[in-house]
Amino acid sequence: MKLLTIFLILVLVMALILSITATPLQEQEQEHDDMDYELKENSEHGFGRLLAQKKRKARRITCNKYPRICHSKGSPGPFCCKKKCVNVLNDRLNCGACGKKCKYNQICCKGKCVNPSFNRRHCGGCNNRCKNGGFCAFGLCNYA
């Protein structure tokens, strides 16, 4: 019984402490709301003009309107597919032509979708050719 009364007293003390500490925060929030009202009021008179302006989105130059940007230095590729510069010779999502996707286990080599696990000309990666008479297994030449 004594343990129960001690527990209830502790709960009441904790509730009292929480209610006391929460009161100043509510007062600060009310003061903050008043400051927002003053800023709005000043913006109507022209003082807070910079605060009232909306941010503008930066315009992005896309290759569908300006295709020459794909030929600039640092561009991912010279071709424009879905408003993005790509290289159709090695891009999995645009292999050989815009929108032509390679399958899950394939990569794009020279504009063709190939499986590097079993292709002798592209074993383990593009242009990694196995020697004459060799075979490609699991991306390794002559794996035995």
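**Exercise 1.** Why is the disulfide of Cys-81 and Cys-98 left-handed?

*Solution.* Start with the model. It is predicted: local features need pLDDT of at least 70, side-chain atom pairs count only at pLDDT 80 or more, and totals for chains, interfaces and linings use all residues. Residues are numbered from 1 along each chain as its sequence is written, and side-chain values use heavy atoms, with hydrogens and water left out.

Step 1: confirm the bond. The sulfur atoms of Cys-81 and Cys-98 lie 1.9 Å apart; a disulfide is a pair of cysteine sulfur atoms within 2.5 Å.

Step 2: read the torsion. About the S-S bond it is about -70°, so the Cys-81 and Cys-98 disulfide is left-handed.

Step 3: Cys-81 sits in strand 1, and Cys-98 in the loop between strand 2 and strand 3 (107–109), 17 residues apart. Helices (H or I, at least four residues) and strands (E, at least two) are DSSP runs, numbered from the N terminus.

**Exercise 2.** Classify Cys-81 and Cys-98: buried or partly exposed?

*Solution.* Buried means under 20% relative accessible area, exposed over 50%, partly exposed in between (1.4 Å probe, protein chains only). Cys-81 has 4%, so Cys-81 is buried. Cys-98 has 48%, so Cys-98 is partly exposed.

**Exercise 3.** Characterise the link of Cys-102 to Cys-113.

*Solution.* Step 1: the S to S distance is 2.2 Å, and a disulfide joins Cys-102 to Cys-113.

Step 1: the torsion is -85° about the S-S bond, and this link of Cys-102 and Cys-113 is left-handed.

Step 2: Cys-102 lies in the loop between strand 2 and strand 3, Cys-113 in strand 4 (residues 112–114).

Step 3: Cys-102 is buried at 10%. Cys-113, at 24%, is partly exposed.
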